[in-house]
Amino acid sequence: MASTMPTAFGEDDERFLFAMANILGVAVDRGAGHATTQASSATATATVSHMEEGYRLRISELQHRMTNTLAVVSSMLIMEQLQHTDAHIKERLNGLVNRIGALALAHEQLSADPDATVVELAPYLAHLASNLALQHSGLRIETDLEAVAIPPDQATPLGLIVNELLINALKYAFPSGAGTIRITLRCDRLTREATLTVADDGVGMGPPRPGSLGTRLVHRLAGQIGGTVSWPAVARGVTVIVLFPILA
């Protein structure tokens with residue numbers, strides 16, 4: 001029980017009380033510092049979360065603008081095409097419309113998840129082929145695609161390559177407007193290489209024409225992803241093989 005009587009503190013008492021005061025002071029400082037650290041950490045977390053949300057909103061807005069821009073450009077080309085009677089000009093404009101459509105589909109497929117670092121190639125190519133088949137009632141497109149994940153920077157050129165090869169097949173392989181195109185994708189997990197094959201059962205088009213726009217595009221797009229293109233000799237139709245590394 002504490003005494004209420006006045007008393008004098010000796011030298012030892014003073015040293016003890018001084019030491020206790022120091023200990024209590026350090027404890028108070030540490031408690032205040034811990035509270036400050038927690039508050040700073042919470043503020044930083046909230047700031048980062050706010051910045052991430054703002055980033056996502058900006059990305060979504062940019063994607064929406066890109067979709068609208070591609071749609072406007074495509075509509076302008078279609079209007080220009082309708083005003084021409086020259087078959088060659090109409091054909092070239094139609095080719096541009098198809099290429100922009102492939103870009104729009106790539107943008108739609110690849111921007112679904114802005115945080116994704118890889119893209120499943122098989123569903124993307126299957127969707128691309130399905131869209132084109134719907135535009136041509138006599139065309140049958142078969143797909144046999146192994147699952148493989150690749151970076152978006154590879155997926156977009158590959159989609160454009162497939163679109164170009166399909167358009168070329170429609171243009172040259174099937175005078176009657178009917179035929180079958182087969183798209184095959186095979187992956188070698190050991191060598192980290194993939195083989196994309198587009199083959200038709202049409203009348204053929206002879207050797208690839210080095211100066212044609214389609215041939216140049218396919219070679220340039222393949223070069224962007226470190227790939228190579230070949231046209232092997234086949235008994236019927238045309239077969240194009242694209243060999244490329246799996247970079248994911």
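The protein exposes about 15,500 Å² of surface, of which carbon and sulfur atoms supply 60%; accessible areas come from the Shrake-Rupley method with a 1.4 Å probe, and for residues only the protein chains shown count as cover. The structure is a predicted model, in which local features need pLDDT of at least 70 and side-chain atom pairs count only at pLDDT 80 or more, whereas totals for chains, interfaces and linings use all residues. Residues are numbered from 1 along each chain as its sequence is written, and side-chain values use heavy atoms, with hydrogens and water left out.

Of the 248 residues in the protein, 31% are buried, where buried means under 20% relative accessible area, exposed over 50%, and partly exposed in between (1.4 Å probe, protein chains only). Among the contacts with a separation of 6 or more, 68% are accounted for by residues 24 or more positions apart, a contact being defined by heavy atoms within 4.5 Å.

The protein has five helices and seven strands, which follow the pattern α-α-β-α-β-β-α-β-β-α-β-β along the sequence; helices (H or I, at least four residues) and strands (E, at least two) are DSSP runs, numbered from the N terminus. Five of the strands form an open sheet in the order β2-β4-β5-β7-β6, with mixed pairing, two strands being taken as paired if DSSP finds at least two bridges between them. Because β2 and β6 (228-230) stand at the edges, each with a single partner strand, one side of each is left without a neighbour in the sheet. Neighbouring strands of this sheet are turned by 15° against each other on average, direction ignored; axes are lines fitted to C-alpha atoms, for helices over the stretch in contact, and angles run from 0 to 180 degrees between N-to-C directions. Within the sheet, β4 pairs with strand β5 (residues 193-200) in the antiparallel sense over eight bridges, and R186 stands opposite T195 in β5. Helix α3 (residues 121-134) lies across β2, β4, β5 and β7 (239-245), and runs at about 175° to β2.

The count of salt bridges comes to five, a salt bridge being a side-chain nitrogen of Lys or Arg within 4 Å of a carboxyl oxygen of Asp or Glu. In one of them, the side chains of R140 and E142 meet with an N to O distance of 3.1 Å; R140 is exposed, with a relative accessible area of 52%, while E142 is partly exposed at 24% relative accessibility. D144 forms a salt bridge with R186, in which the closest N and O atoms are 2.4 Å apart. This pair links distant parts of the chain, with D144 in strand β2 (residues 139-145) and R186 in strand β4 (residues 179-188), 42 residues apart. Both partners are partly exposed, D144 at 27% relative accessibility and R186 at 32%. R186 also meets E146 through a side-chain salt bridge (3.8 Å, N to O), and this pair again links distant parts of the chain, E146 lying in the loop between β2 and β3 (149-150), 40 residues apart from R186 in strand β4. E146 counts as partly exposed, at 30% relative accessibility. Through salt bridges that share partners, R140, E142, D144, E146, R182 and R186 are joined into one network.
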